[in-house]
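Here are my notes from a read through this one. Have the structure open as you go.

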Amino acid sequence: MARILIVDDDIRTAQFIGANLQAQGHECTVASKGEDALALARAHPIDLMILDVMMPGGASGFQICRQLRSDPELYALPILILSAMSGEEEIRHGLAQGADDYIGKPFDMQNLAQRVEMLLRANADIKSLDEMTSLPAAGTIKRELQRRISCQEEFTTASVELMRLREFAYQCGKQSRVDAIRHLARILKALARQAPEESCLVGHMGGGYFICLLHPAQADAYCEGVVKAWRENVGTLYANLGQEKTYRDAVAAGPFGQCASLIDVLVCITGQRRRDRVSSQGLFDTLTQLRNKALASGVSGIHANRRM
């Protein structure tokens, strides 16, 4: 059973949704004003908010999203926007404010119920660690990224990826892929422990791909440390897999950053300054652009957005 707060100035619509979700075993509370929604969310623990955009009073649904995402207690709360403002631009804007999902009115109740269940399951996953690496999973990173954006904190986002992981697994065996991912996770965690408390968060996004949220003053040193530690220790990874000769041959073929047969790390860096108005999607888009340029060049190591 989940506790769901439904916020809509059309009280009949809110009660209709509540009755249907209660029939599925959830506990539902209804509010008709944005100000009431924030007060209720702060006073009583809830698991999900269904939120209209256009409401009477001083707070729109978009404003409530921003306030929730900047609240240190409520920033992880799943938010589903349900609104007659359902154009493509409005949907993009709502998601950029921190909403997890967006459904236009009129709506299908079965579809709404399914989307609610998906958000509740996803939020449950956020609270757990990734099994392979024991690091926070993708959902945790995305939530914390949104919180830092909403609070207008200055921070740096670094993606760390294993380059040529597929080729490495083909050379060294299927288990080597997992070994390499865990090897990199240990390096990322060890370096994060050296940073001031809570300033560095490292998460596993899946496969050989990690995201690190860093204080700008520590970002360069952290990322340089990742590359250095990986290259100093990757020989041990090959040795543990019985592939010393593969490693020696790869090193002899060229330097780390340009060796086409050696598994290496690619680090892409971007960030937010207080005067910037960015979205989490915008940051990920910038990281993707940096990654594509790096892959086209064939050079691993660090690639940074120096305009940040």
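**Notes on the model**

1. Let's start with a salt bridge: the side chains of D52 and K105 come together with N and O 3.7 Å apart. D52 sits in the loop between strand 3 and helix 3, and K105 in the loop between strand 5 and helix 5, so the pair ties together parts that are 53 residues apart in sequence. D52 is buried, at 5% relative accessible area. Bear in mind throughout that this is a predicted model.

2. K105 has another partner, D8, and here the closest N and O atoms are 2.6 Å apart. D8 belongs to the loop between strand 1 and helix 1, so this bridge to K105 spans 97 residues of sequence. D8 counts as buried at 3% relative accessibility, while K105 is partly exposed at 22%.

3. The structure holds 14 salt bridges. Another of them joins D71 to R42, with the closest N and O atoms 3.2 Å apart. It links distant parts of the chain, with D71 in the loop between helix 3 (61-69) and strand 4 and R42 in helix 2 (residues 34-43), 29 residues apart. D71 is buried too, at 12% relative accessible area.

4. Have a look at the salt-bridge network made up of E144, R147, R148 and E153. R147 also lies over the face of Y75, 5.6 Å from the ring centre.

5. Five strands make up an open sheet, ordered 2-1-3-4-5, with parallel pairing. Strand 2 (27-31) and strand 5 (101-104) are at the edges with a single partner strand each, so one side of each has no neighbour in the sheet. Neighbouring strands are turned by 20 degrees against each other on average, direction ignored.

6. Within that sheet, strand 1 (residues 3-7) and strand 3 (residues 48-51) run parallel and are joined by four bridges. L5 is opposite M49 in strand 3. Helix 1 (residues 11-23) packs on the sheet, touching strands 1, 2, 3 and 4, and its direction makes about 175 degrees with that of strand 2.

7. Last, the aromatics: there are two pairs. F168 and Y238 have ring centres 5.2 Å apart and planes at 85 degrees, so that pair is edge-to-face. F168 is in helix 7 (residues 165-172) and Y238 in helix 9 (residues 216-240), so the contact ties together parts 70 residues apart in sequence. Y238 and Y247 have centres 5.4 Å apart and planes at 35 degrees, so that pair is tilted. F168, Y238 and Y247 form one aromatic cluster. F168 is buried at 1% relative accessible area, and Y238 and Y247 are buried as well.

Conventions: Residues are numbered from 1 along each chain as its sequence is written. This is a predicted model: local features need pLDDT of at least 70, side-chain atom pairs count only at pLDDT 80 or more; totals for chains, interfaces and linings use all residues. Side-chain values use heavy atoms; hydrogens and water are left out. Two strands pair if DSSP finds at least two bridges between them. Helices (H or I, at least four residues) and strands (E, at least two) are DSSP runs, numbered from the N terminus. Axes are lines fitted to C-alpha atoms, for helices over the stretch in contact, and angles run from 0 to 180 degrees between N-to-C directions. Contact means heavy atoms within 4.5 Å. Rings of Phe, Tyr and Trp (its six-membered ring) pair if their centres lie within 6.5 Å; planes under 30 degrees apart count as stacked, over 60 as edge-to-face and the rest as tilted. Buried means under 20% relative accessible area, exposed over 50%, partly exposed in between (1.4 Å probe, protein chains only). A charge sits over a ring if NZ of Lys or CZ of Arg is within 6 Å of the ring centre and within 35 degrees of the ring normal. A salt bridge is a side-chain nitrogen of Lys or Arg within 4 Å of a carboxyl oxygen of Asp or Glu.
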